[in-house]
Amino acid sequence: MQCVTQRGQRTGRKRGGGGWKMVGFLLLLLLGLAFVLLFICTGLLKWNELRYRKKGLPPGTMGWPVFGETTEFMKQGPSFMKNRRARYGFLFKSHILGCPTVVCMDPELNSNMLMNEGKGLVPGYPQSMLNIMGKWNIAAVSGSLHKAIRSSMLGLISPTVIRSQHLSKIDENMRYFLCDWNGKLIDIQEKTKEMWLLLALKLIAGIETGTLSEALKSEIYKLLKGTISLPFNFPGTNYHNGLQARKKIITILQSIIKERRREDCCRTRGDMLDSLLGLDVDDEAKLSDEQIVDTIITLVYSGFETVSTTTMMSVKYLHDHPKVLEELREEHFEIRRNKSSEDKIDWNDYKSMKFTRAVICETLRLATVVNGVLRKTTQDIELKGFVVPKGWKIYVYTREMNYDPFMYPEPLSFSPWRWMNKNLESNQFFLAFGGGGRLCPGKELGIAEISMFLHYFVTRYRWEEVGGEKLLKFPRVEAPNGLHIRVSDY
Ligand code: HEM
């Protein structure tokens, strides 16, 4: 036994020595690998910096080949921008969302760039978005074609048309949409998205809530998801689904257009499609069917996230600020005072909703529904002594302008009163709706819709948040698990 034990101990010691050697070898190997990896990484970072080194470019770093600094940008969001601004100044280069990009955080310059798009700048939205939205989508065109498409759009959603055609339909739609919420637990994020889609379908092509709207709704959701995905066209990817959804939407819209052309009675519908088909207006600048389809898709797309998110966030802020809610309710009850429950809101009522408008502007500012806009250079352009090469993106990053304490004292507080009687809305540094030749043509329609929602919502209901759900502010404003409210009659 003793012998066996001794042998065993001896053998064990031998194995132990071999084991340590093995561990040592593995450690060395790992160290070697780490060193090679570090060498490769440093080399790649350096190579990427050199690749984009060009005289006159603003300072900044380009990150990894292909991916650039996208991961840091998406993860850190606004602090990524603020850190770079602290290190490099208001204008710096980076590589984000697949492109070499110059980020501009200079208020003056941002405002000027939006006002003077023609001078070497065009919209710079991602390829996945342009492919899914179609080649006639307004963000894909510039110059005289942009002017023509924009002017037909303005003919559909200008304040005059809202007053004469849309307001009454929005009223009908909101009454119906906001009935029967008493006692319900509602995901207001989901509901406000649905609200925009159903209303858009009604205003655009007179489509009422039903089978067709449901079919279109699910395809539109897929299309929207596809526009914010990487352009990998394989079955199962969001991009692929978005392209497929586009095809289905086109087929549905084309059949509606065909039907309209066959019918005689369509002159009486007075919706956007009638105007686009030139059936109720004598418009010389008629669009082709392909252009009409892309215009409709653009209209649905443009209002979707902006209107629904602003509505959701206004509900959130009103919940958190009872004094604001009280004043808003007073405004709306005052409007209802001389009306029966059947009477609709008319243009004068809408125009009298001054505090409501202030609530909407303050929501847009504090939540920063729009962080900025993207442009692409069509030639080398000079910005503050730096040169941005042709083909680069410029991120006109306007987020921080919303928190400027000189323009908005106590910028982090929700105070709609700051918008009353001060003409802040037309200030050149309030860029929630963009500016210049691409100033949002749907601004008034968006505000009218949110105002009408708030009118029926606050006069009919009170609500409590349930669950205190998480809200993300970047890269988009969203409640990843929904924003649930318990609603009861007021
Ligand atoms: C709260 C609501 C809204 C906000 C905050 C908003 C914001 C913006 C911004 C910032 C731009 C400028 C984009 C750029 O310069 O690249 C823009 C453009 C645009 N918006 Fe809106 N928008 C809203 C509602 C709507 C609605 C309801 C529609 C249509 C029904 C609409 C249609 C458009 C279109 C077509 C453009 C492109 C204009 C052009 O390129 O000439 N928007 N919007």
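**Legends to close-up views of a predicted model**

View 1. Of the contacts in the protein chain between residues at least 6 apart in sequence, 69% join residues at least 24 apart; two residues are in contact if their C-beta atoms, placed from the backbone, lie within 7 Å. This is a predicted model, in which local features need pLDDT of at least 70, side-chain atom pairs count only at pLDDT 80 or more, and totals for chains, interfaces and linings use all residues. Residues are numbered from 1 along each chain as its sequence is written. Of the 490 residues in the protein chain, 36% are buried (20 or more other C-beta atoms within 10 Å of the residue's own, C-beta atoms being placed from the backbone).

**View 2. The shell around the ligand.** The ligand is surrounded by 26 residues, with Ser302, Gly303, Gly434, Cys440 and Gly442 the closest (C-beta atom, placed from the backbone, within 6 Å of the ligand). Helix 12 (289-320) is one of the helices that each supply at least two residues of this shell, and helix 12 gives the most, with 7 residues. Helices are DSSP runs of H or I, at least four residues, numbered from the N terminus.

**View 3. Helix 12 against helix 15.** Helix 12 and helix 15 (residues 354-367) pack at an angle of about 100 degrees, with their axes 9 Å apart; axes are lines fitted to C-alpha atoms over the stretch in contact, and angles run from 0 to 180 degrees between N-to-C directions. Helix 12 is therefore roughly perpendicular to helix 15 (65 to 115 degrees). Thr310, Met313, Ser314 and Tyr317 in helix 12 meet Val359, Ile360, Thr363, Leu364 and Ala367 in helix 15.

Technical notes
Buried ≥ 20, exposed ≤ 12 C-beta atoms within 10 Å, placed from the backbone. Parallel < 35°, antiparallel > 145°, perpendicular 65-115°, else oblique.
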